[in-house]
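Here are my notes for when you next have this model open. Please read them with the coordinates at hand.

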Amino acid sequence: MKYVKLLIIMSLILLGIGCSTEKKQNQKDITFSTGKNMWCGLGIIAHEKGFFTEEGLNVKTDYLAAGKYNLDALVSKSAEFATIVEVNLAYFGYTGNTSVQTIASLVNSTSSGIVALRSSGIEKPEDIKGKRLALSPGTTSDMFANRFLEKYGMSADNVEIRQIQPAAMEGAILSKGVDAASTWDPHIYSISTKLGEDAIVFRDPEAYTGYLNLAVRKDWALENKETVLAFLRALQKADKFAKENVEEAQIIVSRVIDLDLDVVKSTWADHNLGVTFDKQVLLNAMTSEGKWIQATNDDFKDKEVPDYSRFLESSYFMKVNK
């Protein structure tokens with residue numbers, strides 16, 4: 001009898017291992033290219049809470065420094081899903097490549113800003129005139145800087161633009177190689193903390209609101225519709241979790257992006273997390289930015305403003321929200 005019980009127990013263990021192995025084998029392997037910042041909170045939560053796994057997805061998350069790099073990963077087929085901002089697509093539209101489409105928005109954020117040196121004589125927005133301003137081309141950094149300057153009666157011609165990648169912003173301003181830097185959190189927080197009293201930060205949601213979007217390659221998505229829907233469902237679970245468990249969601253994001261929890265809490269409302277899709281809002285934003293690119297950049301003056309509706313696909317979002 002003892003041996004019978006032992007055989008039953010061993011059989012159950014082997015059955016459990018077999019089921020676990022089968023489940024793992026049935027999971028869809030995909031790569032998700034995103035960022036380590038509060039904009040990307042829902043993807044971080046979905047990964048950390050196991051919501052992707054619940055939806056049958058084995059997700060490898062690659063964290064890159066900016067949306068433009070995530071877009072590059074998507075186009076080069078290094079990733080199946082990527083988080084990109086609308087500015088990335090505003091520029092991308094001019095390449096003539098229509099292989100990418102946005103299928104949902106994950107954030108609308110007012111966290112962009114300019115951090116500047118008081119020691120460079122900057123106390124108000126107008127003081128940036130004539131100063132060295134760092135920005136990252138083709139990102140929200142680029143768009144915020146130009147919209148902010150325009151609001152205060154200036155343009156890029158009134159400052160010395162220094163094109164610097166996001167990761168190099170901090171070193172540039174700490175070494176006083178520039179007088180101000182247009183960027184986003186956690187960069188703004190890190191720079192201003194290290195500068196201390198020499199830092200002044202300008203934010204302005206009226207000048208610019210950024211949209212973080214989930215993007216895929218059109219052809220791949222059409223061939224993997226169920227995977228796309230499963231990915232969206234996982235993000236919806238993360239959205240629900242974040243709304244019902246705000247404090248725990250903040251702790252998760254704080255830990256993963258290595259940003260002080262108090263800062264995450266104080267700027268949480270500036271990152272309006274939520275799985276949404278407002279095609280007209282995105283179309284208006286990208287078209288406006290496309291026109292700005294054409295009007296201000298000599299490389300685009302002879303090109304037509306792209307039809308950005310080609311990059312917006314609502315059918316997946318509508319299907320998971322039936």
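This is a predicted model: local features need pLDDT of at least 70, side-chain atom pairs count only at pLDDT 80 or more; totals for chains, interfaces and linings use all residues.

1. Residues are numbered from 1 along each chain as its sequence is written, and side-chain values use heavy atoms, with hydrogens and water left out.

2. **Overall fold.** You will find 14 helices and eleven strands in the protein; these are DSSP runs numbered from the N terminus, with helices being H or I of at least four residues and strands E of at least two. The C-alpha trace spans about 90 × 45 × 30 Å along its principal axes. Taking contact as heavy atoms within 4.5 Å, 80% of the contacts between residues at least 6 apart in sequence join residues at least 24 apart.

3. **Burial and surface.** Of the 322 residues, 52% count as buried (buried is under 20% relative accessible area, exposed over 50%, partly exposed in between, with a 1.4 Å probe and protein chains only). The protein exposes about 15,000 Å², and carbon and sulfur atoms supply 51% of that area; accessible areas come from the Shrake-Rupley method with a 1.4 Å probe.

4. **Charges.** There are 37 positive and 42 negative charges, and their mean positions are 6 Å apart. Here Lys and Arg count as positive and Asp and Glu as negative, with His and the chain ends not counted; each charge is placed at NZ of Lys, CZ of Arg, CG of Asp or CD of Glu.

5. **The largest pocket.** How much space lies in the largest pocket? About 650 Å³. A pocket is an open set of points on a 1 Å grid over the protein atoms alone, with protein on both sides within 12 Å along at least five of seven lines, and lining residues have an atom within 4 Å of a point. The lining has 24 residues, and Tyr91, Pro137, Asp142, Trp292 and Asn297 are the closest to the pocket centre. At least two lining residues each come from α4 (67-75), α5 (86-92), α6 (140-151), β7 (160-163) and α13 (279-296). Helix α4 gives the largest share, four residues.

6. **Tyrosine 91.** This residue of the pocket lining sits in helix α5. Is tyrosine 91 buried or exposed? Tyrosine 91 counts as buried because its relative accessible area is 18%. Beyond neighbours within four places in sequence, tyrosine 91 contacts Gly138, Asp142, Trp292, Ile293 and Phe300. Glutamine 294 is 203 residues away in sequence, yet its C-alpha is 9.6 Å from that of tyrosine 91.

7. **The cavity.** The whole structure holds one cavity of 30 Å³ or more, a cavity being a set of grid points where a 1.4 Å probe fits but cannot get out. Points are joined across faces, edges and corners, and a volume is the space filled by probe spheres set on them. The largest cavity has about 140 Å³ of space. Among its 15 lining residues, Asn37, Ala66, Gly67, Val85 and Trp184 lie nearest the centre. Helix α4 and strand β3 (81-85) each supply at least two residues of this lining.

8. **Two backbone angles to inspect.** Lysine 176 is not a glycine, yet has a positive phi of about 65°. Lysine 176 lies in the loop between α7 (169-174) and β8 (180-183) and is partly exposed, at 44% relative accessibility. Aspartate 258 also has a positive phi, near 60°. Its place is the loop between α11 (246-257) and α12 (261-267), and aspartate 258 is exposed, at 70% relative accessibility.
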